[in-house]
Every structure is written in structure tokens, then in C-alpha cells.
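Welcome, and thanks for taking a look at this protein with us.

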Amino acid sequence: MARPPPLGELPPGYTPPARSAAPQILAGSLQAPLWLRAYFQGLLFSLGCGIQRHCGKVLFLGLLAFGALALGLRVAIIETDLEQLWVEAGSRVSQELQYTKEKLGEEAAYTSQMLIQTPRQEGENVLTPEALGLHLQAALTASKVQVSLYGKSWDLNKICYKSGVPLIENGMIERMIEKLFPCVILTPLDCFWEGAKLQGGSAYLPGRPDIQWTNLDPEQLLEELGPFASLEGFRELLDKAQVGQAYVGRPCLHPDDLHCPSSAPNHHSRQAPNVAQELSGGCHGFSHKFMHWQEELLLGGMARDPQGQLLRAEALQSTFLLMSPRQLYEHFRGDYQTHDIGWSEEQAGTVLQAWQRRFVQLAQEALPGNASQQIHAFSSTTLDDILHAFSEVSAARVVGGYLLMLAYACVTMLRWDCAQSQGAVGLAGVLLVALAVASGLGLCALLGIAFNAATTQVHQDCGAALGADGPGCPVPPAAHPVPLQVLPFLALGIGVDDVFLLAHAFTEAPPGTPLQERTGECLQRTGTSVALTSINNMVAFFMAALVPIPALRAFSLQAAVVVGCNFAAVMLVFPAVLSLDLHRRHCQRLDVLCCFSSPCSARVIQILPQELGDRTVPVGIAHLTATVQAFAHCEASSQHVVTILPPQAHLVPPPSDPLASELFSPGGSTRDLLGQEEGTRQKAACKSLPCARWNLAHFARSQFAPLLLQSHTKAMVLVLFGALLGLSLYGSTLVQDGLALTDVVPRGTKEHAFLSAQLRYFSLYEVALVTQGGFDYAHSQRALFDLHQRFSSLKAVLPPPATQAPRTWLHYYRNWLQGIQAAFDQDWASGRITHHSYRNGSEDGALAYKLLIQTGDAQEPLDFSQLTTRKLVDKDGLIPPELFYVGLTVWVSSDPLGLAASQANFYPPPPEWLHDKYDTTGENLRIPAAQPLEFAQFPFLLHGLQKTADFVETIEGARAACAEAGQAGVRAYPSGSPFLFWEQYLGLRRCFLLAVCILLVCTFLVCALLLLNPWAASLIGFLTSQGSRNLRTAWALEHTLAPVTDGAVSTLLGLLMLAGSNFDFIVRYFFVVLTVLTLLGLLHGLVLLPVLLSILGPPPEVVQMYKESPEVLSPPAAQGGGLRWGVAPTLPQSFARVTTSMTVALRPPPLPGAYIHPASEEPTWSPAATPAASGSSTLSSRGPCPAT
């Protein structure tokens, strides 16, 4: 710092200021907050000065560090496992899923491909032969799909899911059954003969045409084959399954079809069937007993008459079930068709995906464009494909958003005056924030925080939860690319706010501030605000990590880390950019094009102190005009120059003051006004358009503050915001949990149309009640039946038809035992079965014979005396415990259709055992008992679940039923997509309220520790100014309107890029919500808060430090309705007249390179001082004194 010129002595008649004023100001309750804040600002001042001294090094090292962190994106982990994204580790659901995986493996049993048909005209009835004919056309087209891969042709019959294929000892019948056994297809066409057209299997017998389901009459076929093979067991199997004539005994949808079988009820009448009547009660597959498709699975938008008869419907649905990749691999492993292609599970998955894509394509193209109906096709693979395509971060949108922000930052900071223009600073700030965002995401990758930017396997993982009857699989928001779709734009908007704040503060620094202290002065004035906002934002995001959804927790942690990197970049690197720009401004170089000199750089304006004289400088409402004497002396103990500006007259407000006598500048110093005068002259020399001289500070000073601080305006603001508060409180009562499925699928896609139709017409979910190990199933049968009954009584559980028994393995098992017991009783009564022989009895009677003699004792396994003394099922409907696991082995091996329909999924699986009625060795009498069960399940259908409250109610009821069963010793839990995706909503609001409470406490603590005054967090400028509440509010508005507005606009520009997202949930829950919050925050900060402060604001934290000496000339009386600073009639020529504002003082802690005169001591005036050489910089010097 240059050595200051010597100053003259004080005037002979000057009396030093009174000493008692400052202690009175700083001894009160405000001393601690002022000291702590001043100490923190002092540290920021030292940091800024250090950065300015080494700005080049800081910028280089900062860019190097952030660039290195950004490289961490190369090791980013993209999580695609739905359970890892949605289910909290260690939670109840996570433990249940882990148990299911341990017992059943990782993969679902099958995947669902669906067709939904709706009329193009809203509300039209689809229960007509014409509408079903169109449905048949689309379904038939889809079922005939073939794809060629690995040199093989793959059709539906090869890859579809087939339930309960029986084991037959006769080789010819076994091969024929393998080719003919039908795929599981849930369709309304199964009520008609046309349903057989969807089954593609065929078999060949000599002397007969190809056997297909369209011409297959099982009863007739068995009669023809009876003389050539023993098919008694197979015949009994078909009779138990109630196959009958299969499809050829059902009415033809179009009786004029040449292939309509003669056995069809309407073949001879040629009358079209009553579609509503045929579909009433649902349809059946080839087995009437085990394959019943309920109405709710096939029809949507149903209407009934008062008697409950079906009248009309608005939608039809068909579901094709395919094998899983593991099942397809196992099915063809070792087969002659795949032995030459290196068959693997990956190849099986590729085959399924290719077939699914073709399925959707052909189904959607099956109907002509002018048809009265429309088809919505769905496949998990095509949904994954489209989600992948739309989930990829759009480079064009990201680049466009950042270019828009660059343009806004550059334009808003450009000025006609090169000394004030900061366009290059704006560009550098936005680019720096972009680098900070990338480095924050890279740091997250290095810390192991996974991104969730993909949705693969989402719907494939839903297959197990859906089941054969479950058409819907919801996709949670967590499975979508929230961090990469939202975070870059959100972080950009937040980070640029602080850039604008520092840039505005840098231009508003007092012009007389030494060049080497400009950056320190900027951080000292704004660093506290930047720290407060950044810390609070980080705390808010960290608290959001309490939400029990891993994907949202990862997003919150990533946002917190990115905000931290933004904070570091703005506080450490951006000041170096400002320092370099200061050097450019000092050299009078053009903004942005810094290689060229400014046209104003050759014009030098000299300001002489005496030119000001007694003139009143028209500085408007924000400054106080005064003429005072300035004295400077050197403090001997500290070797620092101290400048003292004692007030000497009184005040007159300018007549043009919009707020009359209240609006004056409460802060500043002599150098402020000198700088303003210098700036005014420079601007006069460099002419610019009037509109270019307008800015937000001028608008706040001359228009906004005067209007806002009028009494009627305040009243209006309070009324409007009170009404807004009431409306918000009422709206909070209407908030509902949940996310619509259509929001997580891109708009305008066919998958979006399918989910919209499904959500409207078919809201069915397949769930299961899983029973675990750890208890004895054989002795807990009554508790299992009670558990099933309690679960079935839930409102959302779809009851089975009155004519059908419950679809659970325990019911099927018991009913099967009762059936063979009845056959045994009949054979025993007729004498076909005796104590010593069962060979003349029926197949079922022989099975019952073998079970009745079992004792369950390994030493004595058989007891023939029990044939007539016991029953397979007692009078209470319970299975004898000693027979339970032995009978389970027999049932699983003898009733494959019943086992498949029950969806029991036993673990460990019972051993295979083949019944041989004609075994003469007696070895077939020894039946191995199944191992104690560790896993089994009861299937259920849930319906009517539209809102999250419906799911929550069902989950709570299911959990209560399981808890009650647990008291009876049965360990059970519910499983399925509703419990996987909606379980988190049970405690979501509690976690949300906990996070909000902790956030508020942390925010208060941050403000209290940093400011020790809760009011200081609202508007620091209001507290550090003087005057009435209106004055301080106007001053605060003038200095905060521009940065706050620019920050809000930059945030909105960042959010604007989210409006172009194809995902409705991003637009609705991020763009709309954050935009509304930003606008509300802007209104609260610039309208409501100033009004409240002007009415209820706290007293100022700083006042005038020195009182006028009683020996100073008394001010003259007011003239002309106002007051004006007076001046001594004569002044020594060694003193200069300057225009200044009122002096205020804080007491910060001592910092290196700065000196604050103690308030409790009088300055020691140096009589040896020499006259000053005048100049504004002299009056504000803070350098070492010359040696004396």
C-alpha cells in the first residue's frame, strides 16, 4: 500500500468525540452476535485478500481439483435392481424379499404380455360379436409371431408358460401331450371355440388329420386310443381336471365359420351367441376346474342390471404368459434343437426379448386405422426399451440449458461502462458451476453412491409378483433417472444464485476500497449469506435422506454433495475470477473482449475537493448530504493511519425524496460519495442510453420501496398473504400420497396409452400370503385355515366364484385326499379293494390304500390294520399329522394340474414318486415323506386399488392378519407388488415430518451459531443499518432486490429445462413444484418479509459511534421546512471539504493488516502532522504510518 501523505494538525477549536457513546452501544445484548459475525466476516476478508493475491494459482488449482473429481464419473455405478432402488436395506420388506430369494431363487416364474381393447368412441359396448371378432384378429396375429435366432425358429408354443404338465409313463401319449399341452392364455375368447385358435400346438396320429385344439375332442380321442394303450390313469386325470370336450364343446363366436365344429352348441342354429351371457361369471381354459378366468381379469368398465347380470363392458383384456429366461434355458438344455448353438441363459433371454418386441409390433398393427376398436399392447421388453431411450440424459437439453444460462448471465452483467461490466464474469461463473456439478457427481461416484439412471429388469422383476392373474406391474419413481434427469439443472440454478450475489457485491464495493482488498471486501460482505444458504441447502438434502426409499435417498445425498461442491467453487474459485476481472477493469479493457481497450480508458476526470464546496450532491433517497471536516493522524502504538469524520451540522432532506425525511443512507463513508461523484462524472463523459443506466437497485430505490412501504400497500400485502396462507393450509389437507403409474412412462408412447387404459379398467394385483419355516405345518392346519380366512375377509381381496373352492394348496390338497378317500370307500364297499390287494380298485382307490397304511414311523412304516380305522381327512377337515408330509409327496406327484393351480411353490420341494398300480414287489408301498416345509404360499387377487390410501389400508389389514397368526405360532408375511411398492407409504409421512423438524432445528442452530440472532437470518442489511424501520427496509431492498431477482431467474432458467422432460412425474413433481416454490420464495423475500420488518422488525444492531461535541457549533434552525448540514464559516486551507454519509461502527476482532481504533480510548492527536495533499484515496487508507 502506498504511504499516505502527511496531514495537517487538527483545528485549534476541535474537541474530540465523547468516549462514553461506544461502550453504551456495544455493552448490550447485541455485543455477542456482532462480535461473532464480525469475526467470521474478518476471516472471510482475510480469505478474500489471500485469494486475490494468488488469484492465478487459486484458479488453476481449483480447476485442477474440480476437474479431477469430475473424472470420478468414469467409475459411476448405475443401479438397475428394482429392489435396491425401492426397498430399504434391513427393512421388513427387504428381509422378506431376501427370504423369498433364498428359498425360490432370484427369478420370476413367468412374464406377462397383454392386449387391451377399447372402443374409439367413449363408452361404447364391446360385448358384441363384432368387437370380439376384432379382438380375435389382434390376439391371433400376436399369437402367430415367430422370430428366427441362432438358426432356429421360435414361436409361442415353444416359449410360452405351460402349467402342470402331467408325467405319463406311456411314451406315445407323453410325446403327444408335450406337443399339444396348451399355453396359459387368459382371454375372453376362451368362452368360445375361437379361443382354441390361439393355441399353436399340434400332434400327428396315423390315419387322422393333424390334431389341434380346434378339432380335438379329448373324450373321443381317448375312446379311439383305448384299444391300443392303457390310458385309465390319464383318463382319470382329465376327468378330475374337468376337461370334457375342451374347446369343441363351446359356442362359436362366428357360427358361419367353416371350421366351427359340429359339437358347438350353436353350430346347427347358426345364431350368434349372447356375448354378455357367455362371459358372465368369467371363462375357462381347457380345464374347467383349474383354469378359471374371472370376469375382472377379462372385462373392464362392466355394467350390470339390478339382478347382477352382466349387460355391457368397455374393455377387453387378453394375457399371454411366457417362460422366464431360466425356465426357457432349462427346458431346451440338452435338447437336439439347441445342442449345436451353445445354448445359454443369455441366449434364452435374447429370444424372449425379440419375440416380445415382435408381439407388440404386430398386435398394434393388427387392426386397420379405421376400425371401431383400438388395441393397446404391452410387453416388459418394449417398456424397458422405451424407458431406456427416454431415460438417457439428453445432451442437447443439458447443453441448451447451460447455454441459456450462459446467455442470461452474460446479458444481465453486461454494462455500457467497462468499469462496471461483468459479462465475462457471468460466463465464467456459469461454467464454473457446471464444472462444480460434474465434480460433485464424480465425488458421489467415488464415494460409492449409485446412480439410478436405468430401468432395466423393472417389469421382469414384477413377473413373480403378478402371477398368472395379475395384469399390472407398477413402476416406482425410484426406478427412473431422477439424479441425471433433474440434478444437473437443479444444481445449476442453485449454484448460479451465489454467483450473482458475489458479482453484485463486487460491483457495489466502496470505490475507495484499496485495490488489493476488493475481493476481501466482497467476501466479507456476502460470504455470510452464501454460507448460510449453502449450509441450509446441504442440511435440507441430508435430512431428505431420512426418507426410507433408497433411490430418493441417493438423490438427496448426491444433491447435498453437489451443493457442497458448488459452495466450495463459489467461495474459493469464483473470487479468483473476480480478482482477474478486477485487473481487467483496472486496465480499462473491454469486457469479454479483454484484449481490446475501452473507448473510455483515455478519458481522465480529475475531482478537486474544493469543487464540491457547499454543493448538495443529488444522490436521491439513499444518501445523506453533508459537508464535514476530515482529520487524519498516525497512531503511534500501532503505526496505522486513522481517519476521523466528526459530524458538524444538521440535516435537511432533499425535496425530491419519495419517502420524505425518512429515507437516507444509514451507512457508508467519505469514499462512497467521492466514488459516486467520480462515477457520475465518468458516466457523463462516456455517454450511454438512458435505459442502459436503469437497474434493479434504481427501481427499488425510486419506485418499489416507496410503493411497498405505504400504509395501504402494507395492509393489502398482509391480507393477500394471509389469504394465501389459509389457502395453503387448506390445500395441505388435500395432499395425497402416491404416484400415478402413467406419470413414470413417457407421454405419447403406446405404453403410456396401455397403462392409462389398464389403470382405468383393470386394477388387479396378484399377491401371495407366504408361510415360512420355523413351525410345524402338520399340527398348525387350523391356524393356516384361519389365516387364510382372515386374509380373504379383507375388502380388497377378490372373492372366488361361489361355485369354486378357494385357490390354495391346502384346500386343493385336502380336497384331493377327500376325493381318493371317497374312491377307496366305494372300492372297499364293492370288494374291489381288500386288506391284501388293491389291484382291482380304481387308481384313486389304490392311492388311498397306500396312504392309509402309512404310519409315519421309520421303523414300522406300514400298518394294514389302519385301512378301516382311520380317514385321510378327519371330521374337522384336518389331515392327520402323521400322514401330512407323506400325503404331500403323493399329491404333488399325482395332481400336477391342482399343484400348478395352487401356485404353492413348496420349498424344499417334495420328492418325486410315481404310482404303479401293478407293482408286485411291494416297494411301491413305501412312500418317502416330504421334508418339513420352509416356504409355501396362498395366492390372492386384489382389486379396486386406485389410490394410495386403498393400498395402505390393504397392507395394514394384511399385516394385522399375519401378526394375529403369529400369535398362534404361524410365521407368515404378504408378498406381491403392492407390498413391495407401497409398503414405504406406511411410515412415509412420519419420516417426512421427522426430516422437516430436524431440518428446522438444524437451520435454527446454524443461524444461531453463526449470527446469534434469528432475525439476522432474514435480512442482515436491515439489522446493520440505521433509522426507522421504513428506512432500513428501503435500504435493504435497494441492496438485495437485484441479486435476489437474478438468483430467482437463474433458478427458474435451470428448472425450465425440466419442463421438456418426457416423464410426467419430473414435470409435475420437480418442475412445477420447484417453480412454484421459487416464485413463492421470491414473493416472500421481496414483498412479505420487508412489510413485516417495517412493522415488527427488531432495532438496529449499529448506531452512530461518536456523539457531537458540545463545543461544536449548534445547528441553525430549520429553514424552508427542512434541515441542512451547516458548515463552519471558515476552514483552514489545510483541510478539505467532503460530502459524506453518517459513520457507523462495529467491533470486529483484530485481523492481520487491519486496525480498528478502540472505542474506549481517545485518539492521540499528533501535533506534528503536516497538511494533506487531498484525494479520496487518502481518506480511506489503512496502511502503516510513516516512520517518525
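Gly1097 counts as buried, because its relative accessibility is 2%, and a residue is called buried under 20%. To find Gly1097, look in the loop between α38 (1064-1096) and β18 (1137-1139). Its C-alpha lies 9.8 Å from that of Ser1028, although Gly1097 and Ser1028 are 69 residues apart in sequence. Please keep in mind that the model is predicted.

Now turn to Ala76, another loop residue, found between α3 (55-70) and α4 (82-86). With a relative accessible area of 29%, Ala76 is partly exposed. Ala76 and Ala450 are 374 residues apart in sequence, yet their C-alpha atoms are 6.9 Å apart in space. Ala76 also touches Ala445 and Phe451, leaving aside residues up to four places away in sequence.

**The chain as a whole**

The protein chain has 1188 residues, and 52% of them count as buried. Its secondary structure includes 39 helices and 18 strands.

**Backbone details**

Most residues other than glycine have a negative phi, and most peptide bonds are trans. A few places in this model are worth a visit with that in mind.

Which way does the peptide bond from Tyr907 to Pro908 go, cis or trans? This bond is cis, with omega near -5°. Pro908 sits in the loop between α32 (896-902) and β16 (935-943).

Asn905 lies in the loop between α32 and β16 as well. Asn905 is not a glycine, but its phi is positive, near 55°. Its relative accessible area is 39%, so Asn905 is partly exposed.

Tyr150, too, is a residue other than glycine with a positive phi, of about 55°. Look for Tyr150 in the loop between β2 (146-149) and β3 (152-155). Tyr150 counts as partly exposed because its relative accessibility is 31%.

**Helices that meet**

| Helix pair | Axes come within | Crossing angle |
|---|---|---|
| α21 (residues 518-544) and α22 (residues 550-586) | 8 Å | roughly 170° |
| α17 (residues 423-446) and α22 | 8 Å | roughly 145° |
| α28 (residues 781-792) and α29 (residues 809-830) | 10 Å | roughly 125° |

Let us start with α21 and α22, whose axes cross at roughly 170°. Because of this angle, α21 is roughly antiparallel to α22. The crossing in which α21 passes α22 is right-handed. Sorted by class, the residues in the contact of α21 with α22 are 18 nonpolar, seven polar and two charged.

Helix α22 also meets α17, and the axes of these two cross at roughly 145°. α17 passes α22 in a right-handed crossing. On the α17 side, the residues that meet α22 include Val425, Ala428, Gly429, Leu432 and Cys444. Among their partners in α22 are Gln558, Val561, Cys565, Asn566, Phe574 and Asp581. By class, 17 nonpolar, five polar and one charged residues make up the contact of α17 with α22.

How do α28 and α29 lie relative to each other? Their axes cross at roughly 125°. With that angle, α28 is oblique to α29. Gln781, Leu784, Phe785 and His788 of α28 make the contact with Leu810, His811 and Arg814 of α29. This contact of α28 with α29 has three nonpolar, three polar and one charged residues.

**Nonpolar cores**

Which residues touch the most other members of the largest nonpolar core? They are Leu127 and Trp809, in a core of 165 residues. Leaving out residues up to four places away in sequence, Leu127 touches Val275, Ala276, Leu279, Leu299, Leu310, Leu311, Arg312, Ala313 and Leu316. Another core, of 82 residues, lies apart from the largest one, and its members include Leu441, Val486, Ala757 and Phe1070.

Conventions: Residues numbered from 1 in each chain as written. Predicted model: local features only at pLDDT ≥ 70, side-chain atom pairs only at ≥ 80, totals over all residues. Heavy atoms only, no water. Core = buried A, V, L, I, M, F, W, Y, C linked by side-chain atoms within 4.5 Å. Buried < 20%, exposed > 50% of the residue type's maximum accessible area, 1.4 Å probe, protein only. Contact = heavy atoms within 4.5 Å. Axes fitted to C-alpha atoms, helices over the stretch in contact; angles between N-to-C directions. Helix = DSSP H or I, 4+ residues; strand = E, 2+ residues; numbered from the N terminus. Parallel < 35°, antiparallel > 145°, perpendicular 65-115°, else oblique. Left-handed = near helix turned anticlockwise from the far one by under 90°. Nonpolar A, V, L, I, M, F, W, Y, C, P; charged D, E, K, R; others polar.
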